[in-house]
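Student: I have a chain to look at and would like to go through it step by step. Can you help me read it?

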Amino acid sequence: SGVTMSLIHGSWPNGLVLCHKAGDTTIRNYDVPIPSLKELVLLYETAASWARPLSHAQAHVLGLAINTSALNECEAFAYLEKAEAETGLPS
């Protein structure tokens, strides 16, 4: 997370893309559950707000980039539709 926060602080993003691997339920190499996509959107936007002075508009998640390589085609499309319905964002 230190590298991620450094990138956010250095880039002052206007928008964000939430990246996620379909099917993962825990953070890699840790037994820490991954929050729902809706919760992750809020976490991304909150973390980005720490880097932007109050005089600048908050960065928002504009879309989802989801790695569906572990799913077959039907499962992948169903996952993407569910993600879009949950977050209201394109994937």
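This is a predicted model: local features need pLDDT of at least 70, side-chain atom pairs count only at pLDDT 80 or more; totals for chains, interfaces and linings use all residues.

Student: OK. Which helices and strands does it have, and in what pattern?

Tutor: There are three helices and two strands. Along the sequence the pattern reads α-β-α-β-α. Helices (H or I, at least four residues) and strands (E, at least two) are DSSP runs, numbered from the N terminus.

Student: What box do the C-alpha atoms fill?

Tutor: Roughly 45 × 30 × 20 Å, taken along the principal axes.

Student: And what share of the residues is buried?

Tutor: Of the 91 residues, 29% count as buried. Buried means under 20% relative accessible area, exposed means over 50%, and partly exposed is in between (1.4 Å probe, protein chains only).

Student: Let's take α2. How many residues does it have, and how far does it reach?

Tutor: Helix α2 covers residues 37-51, which is 15 residues, and it reaches 22 Å from its first C-alpha to its last. That is close to the 21 Å expected at 1.5 Å a residue. The expected span is 1.5 Å times one less than the number of residues in the helix.

Student: Which residues of α2 are buried?

Tutor: L37, L40, V41, E45, A47, A48 and A51. They sit on the same side of α2, because they cover an arc of only 165 degrees around the axis. The arc is that of the directions from the helix axis to the C-beta atoms.

Student: Why would residues a few places apart point the same way?

Tutor: An α-helix has 3.6 residues a turn, so residues three or four places apart point the same way.

Student: What is on the other side of α2, and what covers the buried residues?

Tutor: K38, L42 and W50 are exposed on the other side. The cover over the buried residues of α2 includes α1 (2-11), β1 (15-21), β2 (60-67) and α3 (73-87).

Student: Back to W50. Which residues does W50 touch?

Tutor: Leaving aside neighbours within four places in sequence, W50 is in contact with M5 and H9. Contact means heavy atoms within 4.5 Å. W50 and H9 are 41 residues apart along the chain, and their C-alpha atoms are separated by 8.0 Å. W50 still counts as exposed, at 58% relative accessibility.

Student: Now α3. Which residues are buried there, and which are exposed?

Tutor: A76, L80, A83 and T87 are buried in α3. Those four cover an arc of only 60 degrees around the axis, which puts them on the same side of α3. C74, E81, K82 and A85 are exposed on the other side. What covers the buried residues of α3 includes α2 and β2.

Student: Changing topic: where is G15, and what does G15 contact?

Tutor: G15 is in strand β1. Apart from neighbours within four places in sequence, the contacts of G15 are A59, H60 and L62. G15 is partly exposed, with a relative accessible area of 30%.

Student: Which residues form the nonpolar patch on the surface?

Tutor: I27, Y30 and V32, with about 300 Å² of accessible area together. Patches are made of residues with over 30% relative accessible area and no salt bridge, where like charges are joined within 9 Å and nonpolar side chains (Val, Leu, Ile, Met, Phe, Trp, Tyr) within 5 Å. A salt bridge is a side-chain nitrogen of Lys or Arg within 4 Å of a carboxyl oxygen of Asp or Glu. Y30 lies in the loop between β1 and α2, and is exposed at 57% relative accessible area.

Student: Last one: what is the phi of N29?

Tutor: Near 65 degrees, a positive value in a residue other than glycine. N29 lies in the loop between β1 and α2, and counts as exposed at 71% relative accessibility.

How values were computed
Residues are numbered from 1 along each chain as its sequence is written. Side-chain values use heavy atoms; hydrogens and water are left out. Accessible areas come from the Shrake-Rupley method with a 1.4 Å probe; for residues, only the protein chains shown count as cover.
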